[in-house]
Amino acid sequence: MSAPPLERPADDTALQAHFDATVAAEHRIEPRDWMPEGYRKTLIRQIAQHAHSEIIGMQPEGDWLLAAPSLRRKAILLAKVQDEAGHGLYLYSAAETLGADRADLTDKLIEGRQKYSSIFNYPTLTYADVGVIGWLVDGAAICNQVPLCRSSYGPYARAMIRVCKEESFHQRQGYELLMTMMRGTDAQRAMVQDAVDRWWWPSLMMFGPPDTDSPNSAQSMAWGIKRHSNDELRQRFVDMTVPQAEFLGVTLPDPELSLDPETGRYRFGAIDWDELKRVISGGGPCNVERITRRRAARDDNAWVTEAATAYAAKRTGERASPQAGGTSRLRGTATEERNESGVEPSSPEKHS
Ligand code: FAQ
């Protein structure tokens with residue numbers, strides 16, 4: 001809920017005061033409300049990175065779609081990967097409410113001017129990786145994203161509600177897959193342990209740099225965009241996951257992991273922050289592959305966007321701009337329309 005609107009035109013000071021009061025009261029900022037430019041830019045940065053993560057995040061698991069070990073596993077994985085695409089779409093739409101252009105955001109991703117989560121730069125070597133991504137990566141995403149359902153920006157917070165429901169389901173499917181493998185052969189148990197060994201530390205890095213080295217956290221928390229610090233969420237994830245690992249029967253690859261009897265929280269070993277920096281800045285095992293594939297998807301499928309844009313423009317009676325498809329694309333959509341409906345399109349343009 002947004003705070004009641006101002007009754008009279010106000011200067012920037014009054015608008016700022018109204019914004020501050022809305023955030024302090026834990027009400028929502030909505031797209032047409034006044035907001036400080038820094039707030040808008042920070043939201044576009046975070047939401048765009050989040051959207052890019054969902055879309056790039058389809059690739060590691062997508063690699064296993066053709067090699068899933070059964071029809072059931074294939075159907076589950078297909079549904080999960082499609083969900084990630086949907087999450088990307090909600091998030092790009094939320095960024096658009098702030099004035100961002102989706103095609104521009106995609107260009108920025110491909111040109112390395114915007115980030116996506118470090119975790120998706122690691123390879124999926126065996127089918128156990130699919131289970132471990134569900135359990136650990138979706139588990140970490142849930143820890144991070146449930147508080148974002150209370151983010152101060154309305155469209156982002158509302159998108160997170162549905163995303164989190166679906167991520168919970170993803171996490172359970174991952175855990176169920178791993179439980180099944182752990183009840184299988186020694187070789188299957190070894191595959192699960194190997195996948196856990198490779199994904200544990202990168203999962204902890206998903207939460208971002210330590211609070212002492214997180215330039216955006218303080219302001220984002222003051223604005224109610226982030227609700228908890230990176231370290232706090234990382235600790236919650238460890239506390240939640242250790243008992244799950246014990247139940248599963250795997251060992252987490254950290255000899256320093258131990259329960260602190262005084263706090264009831266788990267102590268864990270030092271994270272390799274140099275690795276996070278390296279992966280974020282393009283030096284992870286799969287960064288080049290991920291972006292190359294994303295670039296190819298944008299370029300190879302540009303005609304679909306052009307055709308859809310031209311078709312939409314024609315339907316609303318607008319003139320399609322030259323960039324939005326050109327005559328050959330218009331011809332294609334007109335033919336499809338005629339074929340489907342059995343009548344000529346209503347546009348007065350001549351199509352051959
Ligand atoms: N990877 O000052 P902070 C998922 C960047 S979705 C890459 O602490 P902030 C679903 C950070 O952007 C996973 N970059 O930044 C799924 C900033 O860069 P900038 C994505 C990272 O924003 C599951 C700089 O470092 N989730 O998994 C990372 O306050 C399975 C300084 O950091 C979200 O995006 C990193 N790990 O906090 C899909 C959630 N960490 O822009 C498929 C929303 C930090 O200044 C399969 N985002 N950076 O150049 C957030 O909560 C926050 O943006 C953080 C970072 C916590 C990620």
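Reply: Among contacts (heavy atoms within 4.5 Å) in the protein between residues at least 6 apart in sequence, 74% join residues at least 24 apart. The model is predicted, so local features need pLDDT of at least 70 and side-chain atom pairs count only at pLDDT 80 or more, while totals for chains, interfaces and linings use all residues. Residues are numbered from 1 along each chain as its sequence is written, and side-chain values use heavy atoms, with hydrogens and water left out.

The protein has 14 helices and two strands; these are DSSP runs numbered from the N terminus, helices being H or I of at least four residues and strands E of at least two. Of its 352 residues, 47% count as buried, where buried means under 20% relative accessible area, exposed over 50% and partly exposed in between (1.4 Å probe, protein chains only).

Now the rings. Rings of Phe, Tyr and Trp (its six-membered ring) pair if their centres lie within 6.5 Å; planes under 30 degrees apart count as stacked, over 60 as edge-to-face and the rest as tilted. The count by this rule is eight aromatic pairs. In one of them, F19 and W34, the centres are 6.3 Å apart and the planes stand at 85°, so the pair is edge-to-face. F19 belongs to helix α1 (residues 12-24) and W34 to the loop between α1 and α2 (37-56), so the pair ties together parts that are 15 residues apart in sequence. F19 is buried, at 2% relative accessible area, whereas W34 is partly exposed at 29%. Both rings are members of one aromatic cluster, formed by F19, W34, Y39 and W223.

The loop between α1 and α2 also holds E26. E26 is not a glycine, yet its phi is positive, about 60°. Most residues other than glycine have a negative phi. E26 is exposed, with a relative accessible area of 54%.

As for confidence, pLDDT is the predictor's confidence in each residue, from 0 to 100. Its mean over the protein is 90, and 87% of the residues reach 70 or more. Over residues 324-352 pLDDT stays under 50, and the model has 30 contacts beyond four places in sequence for them. Where pLDDT is low, the predicted coordinates should not be read in detail.
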